[in-house]
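Please open the model in the viewer and keep the selection tool at hand.

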Amino acid sequence: MKTPSLYLVILSGLLLYLAWPASSLMPLIFIAWIPLLMVADRNMTAARFFGWTFLTTLIWNTGTTWWMWNSTDVGTIAAIMFNSMLMTFPWWGYYHLKKKGRRIGYISLISFWMCFEYIHHNWQLSWPWLSLGNVFAMYPDIIQWYEFTGVQGGTLWVLIANIFLYETIGAYQQKTAFQKKIAITITILILPVLISLFIKPSLQKEKIKHNLVIVQPNVDPYGKFNAGSTSEQISSLLQLTEQAIDSNTALVIWPETAMSAAEWQDNVLYNSYYQPVFEFSKKHPSISIVSGIETFKNYGYEKLTATARASGSGTYYDAFNAAVHISNGQPIAFYNKSKLVPGVESLPTFLNFMAPVFEQFGGTIGGYGRSESATAFTTAQNPYSSAPIICYESVYGEYVGEYVKQGANILTIMTNDGWWGNTPGHRQHLHYAKLRAIETRKWVARSANTGISAVINPLGEIKVSEPWNQKTTIKYSVPVVSGETFYVRWGDYLYKLTSVISVLLILWKFTDKLRKK
């Protein structure tokens, strides 16, 4: 008696959810798609299979990202429903093309899914939180080869493993070529782990004179933008910093929007709230500060960017979720967050009619402006050339690699995960930072407003961290690591290759249909 399709698609969704960080059941990912593959081999309409697949992805999305509800209810429902629907299209394509043969079907499933992930990294509704390769974030020892492939390699591993396990189960039931298939399947499961253990570099222990300080101020994100609290927040940041630094401190990292007195970028130097910060910089000329900051930029009477909006006086300006680099004797440098959260920090142009539905996290109404590319904060006298990665940007492997190409020798992540409360969201975000460390082979210094702040080495190992909901600091002697990995140089090449294959498969299917007509 066949297991009902409803039970199978629910099982598939639950396995995907249970495998996801911060769960310890990661190995379930290698069988998570098998129940859905079983359903795909049953006779039904494409529309019905689309519905079954949607139920699987809906369970997965809801189970892993429900915590967004703590910051926006309507936005969470919309995001989960929309993302679940998008995830069904690669499977829908597979259902159609597998009729041309199982091999073609499997190639199409791998290609379509990886093409979907690539698109989801790069379009206006980008949300790569659930890219399959992220599932290994808690187990860096088995994915040291991410320095060559990035997350895309993990996605490929998951898909191939599920397909071969499913074929092996079928071979056992039909008693055909079982031994050969199980040998191949075991190799697929074990070989990447062995390669990872073999190539894992050993970090040389060295005496490091300089250190950095990470500040975790533990400010309520829902009250931090109140004007009356700004001076208190700056005072607290400086007090924590002063208590932690020493004569060898070269870099201080504050979290996202730590400097929350929204100000024009060309006037930050004169803002009264920030004068204690500049006094600190003069007092400690060898220390650079990297901090999140809320800023504006005035364009006069010309609308210079797509995100610029008109003021009451008729001039145009942009608001930025930005990072600032403060170093005594050097001009203030800014980087404006480029990878913006859809519906929260940016609204796709084709959804402008829905603007009233979306809300901001931090009090700025409308979409933020952005920088066109990554940049590195560098000063000649400071050993650290920092990558000012702001919150959500740390989910993008190829983009983080751009900071390294610009000369960054340390990844400084500034985030404010407190919007979600003490839920799996901030823990998932922390674990994803390990992936960036491996991909770039750079140290990561993570300053989180409410936690978890941490230092992560180039092997993806957390060397020190501070827990959620604590006002505290971290001081750590971080080595400088130069150079570029294969993945930094070549980026998402597997995604691009499978996207080309996807286009060719779609064209082949389309022309074949026309030929038959």
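Begin with the pair α9 and α10, which are roughly parallel to each other, a term for angles under 35 degrees, whereas over 145 counts as roughly antiparallel, 65 to 115 as roughly perpendicular and the rest as oblique. This is a predicted model, in which local features need pLDDT of at least 70 and side-chain atom pairs count only at pLDDT 80 or more, while totals for chains, interfaces and linings use all residues. Residues are numbered from 1 along each chain as its sequence is written, and side-chain values use heavy atoms, with hydrogens and water left out.

**First selection: residues 230-244 and 275-283**

These ranges are helix α9 and helix α10, whose axes come within 10 Å and cross at roughly 20 degrees. Axes are lines fitted to C-alpha atoms, for helices over the stretch in contact, and angles run from 0 to 180 degrees between N-to-C directions. Helices are DSSP runs (H or I, at least four residues), as are strands (E, at least two), numbered from the N terminus.

Next, display the side chains. Ile234, Leu238, Thr241 and Glu242 of α9 meet Pro276, Val277, Phe280 and Lys283 of α10, where contact means heavy atoms within 4.5 Å. The residues of this contact comprise five nonpolar, one polar and two charged. Here Ala, Val, Leu, Ile, Met, Phe, Trp, Tyr, Cys and Pro count as nonpolar, Asp, Glu, Lys and Arg as charged, and the others, Gly among them, as polar.

Helix α7 and helix α8 pack with their axes 9 Å apart, at an angle of about 160 degrees. This angle makes α7 roughly antiparallel to α8. Their crossing is left-handed. Among the residues that meet are Trp157 and Phe164 in α7, and Ile188 and Leu189 in α8. The contact of α7 with α8 divides into 14 nonpolar, two polar and two charged residues.

Where does Ile208 lie? Its place is in the loop between α8 and β1 (211-216). Apart from neighbours within four places in sequence, Ile208 contacts Ser477, Val478 and Pro479.

Cys115 is buried (under 20% relative accessible area; exposed is over 50%, partly exposed in between, with a 1.4 Å probe and protein chains only), at a relative accessible area of 15%. Cys391 is also buried, at 8%. Counting pairs of cysteine sulfur atoms within 2.5 Å as disulfides, the total is zero.

Key. Left-handed = near helix turned anticlockwise from the far one by under 90°.
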